[in-house]
Amino acid sequence: MLAGLELAVREVNDAGGIVGRPLELVVRDTAADPERAAAAVDELARLGVAALAGEYHSVVARAAAARADALGLPFLCSSAVLDALTEQPTEWVARLPPAQSHGWRIYADFLLSAGHTRIAVAAQSSVYWASGARILRDYLAPRGGTVIELDMGALAPTAVCDELVDNRATALLLLVGHPEPAVSIVKSVRHDERLAEILIGAPAGQPEFAEWATLLGDDGAAIPFLRYLPERLSPLGARVGTALCERLTEAPSFVAFEGYDTVAVLAEVLRSHGADRARIAEAWPRVAVEGTRGEIQFSRTPGISVWQWAWTPIQVVDRDPAEPDRFRILHAG
């Protein structure tokens, strides 16, 4: 994400900045900690930033959004999908990625189309994972699907295999952290002969990480996950993808494009509405910006408390077993 943010800032400044002034990116690491995120928002607000951008982890983004809302600081969330990003509707927060309920229902459609109706979820305790399990259960139940929840607070990765056999599950979804316990669960399941036919899935996207392929090798292939990219990038997206690849020395994930698009939106808002925080927040419904993955506009979406881009392109992809560095598109929504 940071690579995408920095590339876009550099391009804005190479083109003359914002009405002749350079755009400055002030970075604070939240370290996936909600308390650190809230403290970072307080510090950045005191420093006089015009707007807040970023955040990948949904629970952390929720803490940042709540604090930004309380302070009257515009926040464009780059990559967190939890539906309830704020407890109450807010004018201060906008979001680029799709809401979890939208993306995970597309993932559920993929499971059904592949013939899976008995689906186990290995889940850790978290608002995000609990929300994902609920979305899957509520969507699949009326369509003949059953969700079997396996509590990873009580089960060792090796014990998951017996649970899958006992419950006759045909798919296992990893609603757990990366690299652990996700990597250990995958290794246990892949090496259990009773489970040779089971599908392992990871809707939250853990297999996107290069570290996933390094740690798991061939075992990490054929594990479908959600990715927020179109089937074919626009000329802008292709150019940005090439620049990101040079910067990262590897193929960029969709999160890098989210970072770039965040700055593209904020730069346009700053050019047209200035750096006043209230005017930036008022501009969310007026945004129409070409992003790397399509035209970005924000609207009010039922059940979503923030201004939402509805919707970025969504794919279900996996790593090709024949070539684990290559991604196969399995389903689109």
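Guide: Glu 6 and Arg 247 form a salt bridge, with the closest N and O atoms 3.1 Å apart. The pair ties distant parts of the chain together: Glu 6 sits in helix α1, Arg 247 in helix α9 (residues 235-248), and they are 241 residues apart. Keep in mind that this is a predicted model.

Visitor: Is Glu 6 buried, exposed or partly exposed?
Guide: Partly exposed, with a relative accessible area of 31%. Arg 247 also counts as partly exposed, at 35%.

Visitor: How many salt bridges does a search of the whole structure find?
Guide: It finds 13.

Visitor: Give me another one. What does Glu 91 pair with?
Guide: Arg 300, in a salt bridge whose closest N and O atoms are 3.0 Å apart. This pair also links distant parts of the chain: Glu 91 is in the loop between β2 and β3, Arg 300 in the loop between β11 and β12, 209 residues apart.

Visitor: And the accessibility of those two?
Guide: Glu 91 is partly exposed, with a relative accessible area of 45%. Arg 300 is partly exposed as well, at 34%.

Visitor: Which residues are linked in a network of salt bridges?
Guide: Asp 162, Asp 192 and Arg 194. Within it, the side chains of Arg 194 and Asp 192 meet at 2.8 Å, N to O.

Visitor: Why does Asp 192 count as buried?
Guide: Its relative accessibility is 14%, and buried means under 20%. Arg 194, at 49%, counts as partly exposed.

Visitor: New topic: sheets. What is the strand order in the open sheet of 3 strands?
Guide: β8-β13-β14, with antiparallel pairing. β8 (225-227) and β14 (323-332) stand at the edges with a single partner strand each, so one side of each has no neighbour in the sheet. Neighbouring strands are turned by 45° against each other on average, ignoring direction.

Visitor: How many bridges hold β8 to β13?
Guide: 3, in the antiparallel sense, with β13 spanning residues 315-320. Phe 225 stands opposite Val 317 in β13. Arg 227 has Gln 315 of β13 as its bridge partner.

Visitor: How many residues of β13 are buried?
Guide: 6 of its 6, so the strand counts as mostly covered.

Visitor: Which helix packs on β8, β13 and β14?
Guide: Helix α4 (residues 100-113), which touches those three strands. Its direction makes about 95° with that of β14.

Visitor: Now the sheet of 5 strands. What's the order?
Guide: β1-β2-β3-β12-β11, an open sheet with mixed pairing. The edge strands are β1 (52-54) and β11 (298-299), each pairing on one side only.

Visitor: How does β11 attach to β12?
Guide: They pair in the antiparallel sense over 2 bridges, with β12 covering residues 307-309. Ser 299 stands opposite Gln 308 in β12.

Visitor: Which helices pack on this one?
Guide: Helix α3 (residues 58-71) touches β1, β2 (75-77) and β3 (93-95), and its direction makes about 160° with that of β2. Helix α10 (residues 254-273) packs on the sheet as well, touching β1, β2 and β11, at about 150° to β2.

Visitor: Pick a residue in α3. What does Val 59 touch?
Guide: Val 59 lies in helix α3. Leaving out residues up to four places away in sequence, Val 59 touches Pro 34, Ser 126, Val 127 and Tyr 128. Val 59 counts as partly exposed, at 27% relative accessibility. Val 59 and Leu 82 are 23 residues apart in sequence and 7.5 Å apart in space, C-alpha to C-alpha.

Visitor: Last one: the surface. Which residues form a nonpolar patch?
Guide: Leu 2, Leu 25 and Val 27, with about 220 Å² of accessible area together. Leu 2 lies in helix α1 (residues 2-14). Leu 2 counts as partly exposed, at 39% relative accessibility.

Conventions: Residues are numbered from 1 along each chain as its sequence is written. This is a predicted model: local features need pLDDT of at least 70, side-chain atom pairs count only at pLDDT 80 or more; totals for chains, interfaces and linings use all residues. Side-chain values use heavy atoms; hydrogens and water are left out. Two strands pair if DSSP finds at least two bridges between them. Helices (H or I, at least four residues) and strands (E, at least two) are DSSP runs, numbered from the N terminus. Axes are lines fitted to C-alpha atoms, for helices over the stretch in contact, and angles run from 0 to 180 degrees between N-to-C directions. Contact means heavy atoms within 4.5 Å. Patches are made of residues with over 30% relative accessible area and no salt bridge: like charges are joined within 9 Å, nonpolar side chains (Val, Leu, Ile, Met, Phe, Trp, Tyr) within 5 Å. Accessible areas come from the Shrake-Rupley method with a 1.4 Å probe; for residues, only the protein chains shown count as cover. A salt bridge is a side-chain nitrogen of Lys or Arg within 4 Å of a carboxyl oxygen of Asp or Glu. Buried means under 20% relative accessible area, exposed over 50%, partly exposed in between (1.4 Å probe, protein chains only).
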